[in-house]
Amino acid sequence: MSERLKVGILGGTGMVGQRFISLLENHPWFEVTTIAASPRSAGKTYAEAVGDRWKMDTPMPEAVKDIVVMNVNEVEKVASEVDFVFSAVDMTKDEIKAIEEAYAKTETPVVSNNSAHRWTPDVPMVVPEINPEHMEVIKYQKERLGTTRGFVAVKPNCSIQSYAPVLTAWKEFEPYEVVATTYQAISGAGKTFKDWPEMVGNIIPFIGGEEEKSEKEPLRIWGKIDDEAKAIVPAASPIITCQCIRVPVLNGHTAAVFVKFRKKPTKEQLVEALRNYRGVPQELELPSAPKNFIQYLEEDNRPQISMDVMYENGMGVSVGRLREDTVDDWKFVGLSHNTVRGAAGGAVLCAELLKAQGYITKK
């Protein structure tokens with residue numbers, strides 16, 4: 001009998017579901033035993049359900065090929081098979097909210113990649129290196145749901161991973177105004193160039209809903225738990241304004257960022273703060289945690305997706321081109337892997353943190 005926790009993947013046939021499955025191959029704590037998807041995939045083996053739509057660079061793990069896909073809507077049946085689930089379902093926001101809470105009410109923890117619950121006041125939205133203490137709001141969520149073990153936890157939007165950790169590392173210098181432009185890969189839309197040939201050699205200066213998420217979600221991550229309200233209250237600053245652009249790159253979101261500080265740091269202080277930044281995942285040596293969360297690159301032409309997107313197996317953040325600005329104080333370029341750190345990998349790290357904190361256990 002395996003000592004690993006039994007994991008279900010909700011929405012396992014889509015791109016993020018596939019990324020979960022590839023990242024969890026040989027995971028020391030978690031084992032994928034159940035895959036659920038839409039009724040049209042149910043009853044087929046995972047290999048049959050995905051067919052020629054496997055989008056990862058690495059082959060489909062042998063261990064999942066013959067798993068018979070379950071109907072994600074048969075909540076009790078799926079939940080009875082697992083200790084907890086990762087959610088990557090492709091539904092409307094209201095449907096996602098409902099189905100994730102339905103799983104939680106079966107006493108099954110849900111760690112979600114979806115955006116539906118990111119602003120539910122008692123649902124923690126966590127980057128484990130930044131705000132692990134937000135998991136404490138789960139006790140209030142359990143009160144509301146009437147559960148002892150079940151809850152929903154989420155990770156934030158993929159694009160903010162390229163700059164929110166940097167601003168967190170610089171918190172002591174009090175950043176108060178941020179202007180960011182993100183250049184986002186097509187896998188963020190669940191696409192490859194085969195699916196989206198019109199993106200070859202093209203840029204689209206609009207990604208629906210993305211700018212609002214990029215401006216507001218960091219403030220929730222930097223917020224505090226209000227015990228009276230039984231909710232996470234977002235921080236008031238820094239003020240962030242953002243533009244989000246889709247670019248012809250498969251994986252990796254790049255951000256060009258301008259920052260104003262109340263305290264006036266030197267370049268050396270800023271670089272040192274990045275290189276020294278560590279969080280709870282590094283202290284606990286969680287299996288998916290990058291040893292060094294943020295790297296600073298001195299070369300003028302870095303970070304580059306072709307060279308840096310897989311830094312720390314795609315779980316690290318790369319920063320370069322830090323220089324003084326004529327309008328703001330400092331500017332830099334950040335890079336993170338949008339489907340590893342920004343999606344499935346970030347959720348796996350959240351689940352590892354939840355296990356380490358005692359929120360996820362064997363049923």
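This section describes the overall build of the protein and then its helix α1. The model is a predicted one.

The protein contains 12 helices and 14 strands. Its C-alpha trace spans about 60 × 50 × 35 Å along the principal axes. The radius of gyration is 20 Å. A compact globule of 363 residues would have a value near 21 Å, so the protein agrees with that expectation.

Of the 363 residues, 58% count as buried. Among contacts with a separation of 6 or more, 76% join residues 24 or more positions apart. The accessible surface comes to about 15400 Å². Carbon and sulfur atoms contribute 49% of that surface. The protein carries 43 positive and 50 negative charges.

Helix α1 covers residues 15–24 and is mostly covered. Eight of its 10 residues are buried. Met15, Gly17 and Gln18 belong to this buried set. So do Arg19, Phe20, Ile21, Ser22 and Leu24. The buried residues of α1 pack against both strands and helices. The strands are β1 (5–10), β2 (30–37) and β4 (84–87). The helices are α2 (46–50), α3 (62–65) and α12 (340–356). Just after α1, Asn26 adopts a positive phi of about 65 degrees.

How values were computed: Residues numbered from 1 in each chain as written. Predicted model: local features only at pLDDT ≥ 70, side-chain atom pairs only at ≥ 80, totals over all residues. Heavy atoms only, no water. Helix = DSSP H or I, 4+ residues; strand = E, 2+ residues; numbered from the N terminus. Rg over C-alpha atoms; globule rule 2.2 N^0.38 Å. Buried < 20%, exposed > 50% of the residue type's maximum accessible area, 1.4 Å probe, protein only. Contact = heavy atoms within 4.5 Å. Areas by Shrake-Rupley, 256 points an atom, 1.4 Å probe, with all protein chains shown as cover. Lys, Arg positive; Asp, Glu negative; His and termini not counted. Charge placed at Lys NZ, Arg CZ, Asp CG, Glu CD.
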